Amino acid sequence: MTRIANLLGRAALLTEEGAVDIERASDGRFASDVQALYERWEEFLDWAGEGSHTSAELPAFEFQQTDLLSPAPRPTQVFGIGLNYKDHAEETGAALPERLAVFTKYPTCITGGFEEVCLVEEGEVDWEVELVVVMGRRAHRVADWEAWSHVAGLCVGTDFSERRLQYAAGRQFSLGKSYPGFGPMGPWLVTPDELTAPDDLALSCLVNDEVMQSGRTAEMIFPVPRIIEEISAVVPLLPGDVIFTGTPAGVGRARGRYLRAGDTVTCSIEGIGSIVSQMIAP
Ligand code: ZN
């Protein structure tokens, strides 16, 4: 039952009373770098579950939304899944995938969930709300039934995509989705056990006040356990690695409406929270 935040570069446990600094509360047993926590995830969960951090000597503190940086700021690998919702595959005119469609978002595009995102000159920048998985254990050749036990937690992400580059020269999914700021994730990490139904969460994307996307993660063609099974059959997933799991229908490309300077993109997932990106001119 744990929520972890990256508050201005320091790992914090979120409690009813507020945030608790993990390095200080653990007397240095765990470092302040949230990315390093995933290397010792089970040990960390044991410590967090003991409740020894709730000390009167170290009172919980309040924080601001803008303090929240990415819960996995420096993943070794970042995977993206294409066409993973039937209604989105249909709106793109593509056939339903028979195999998992995988690309990468290069790790330098990862940011916290409350940043300005720079548009691209002559570009068509689009929104995609996505459930983001952060790995808590190395996973190599993991079967779907054991996949959830390798997950540290879930976040909200936006898979910003510049469509001209994405579809240029054959297909350049990885480049078109990796401009700086194109991988916001947050607002914090929620462990799967905190969610009653981690395989069925409502997710939505608003541009300004208009609902552009609204779906449920239960509609994924390849659910989280299958994604982990399929990727880990080829590539070992490492602690702290990140997977953007695909987006439901309602993207700008299908609407003929791309993002403009001044637009606000709000992505939300039930039981996790919301992230908000401000689009600014190139
Ligand atoms: Zn996507």
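The model is predicted, so local features need pLDDT of at least 70 and side-chain atom pairs count only at pLDDT 80 or more, while totals for chains, interfaces and linings use all residues. Residues are numbered from 1 along each chain as its sequence is written, and side-chain values use heavy atoms, with hydrogens and water left out.

I begin with the metal. The zinc ion has E128 (OE), E130 (OE) and D159 (OD) as its protein donors, 2.0 to 2.1 Å away. Donors here are N, O and S atoms within 2.8 Å of the metal (3.2 Å for Na, K and Ca); water is not among the atoms, so sites may look incomplete. Along the chain, the donors follow the spacing E-x1-E-x28-D. E130 is buried at 0% relative accessible area, and D159 is likewise buried at 0%; buried means under 20%, exposed over 50% and partly exposed in between, with a 1.4 Å probe and protein chains only.

The largest nonpolar core has 79 residues, among which F44 and I243 touch the most other members. Such a core is a set of buried Ala, Val, Leu, Ile, Met, Phe, Trp, Tyr and Cys residues joined through side-chain atoms within 4.5 Å.

Finally, the backbone. A cis peptide bond, with omega about -10°, joins G186 and P187. Two residues other than glycine have positive phi: D27, near 55°, and N208, about 55°. D27 is exposed at 73% relative accessibility, whereas N208 is partly exposed at 32%.
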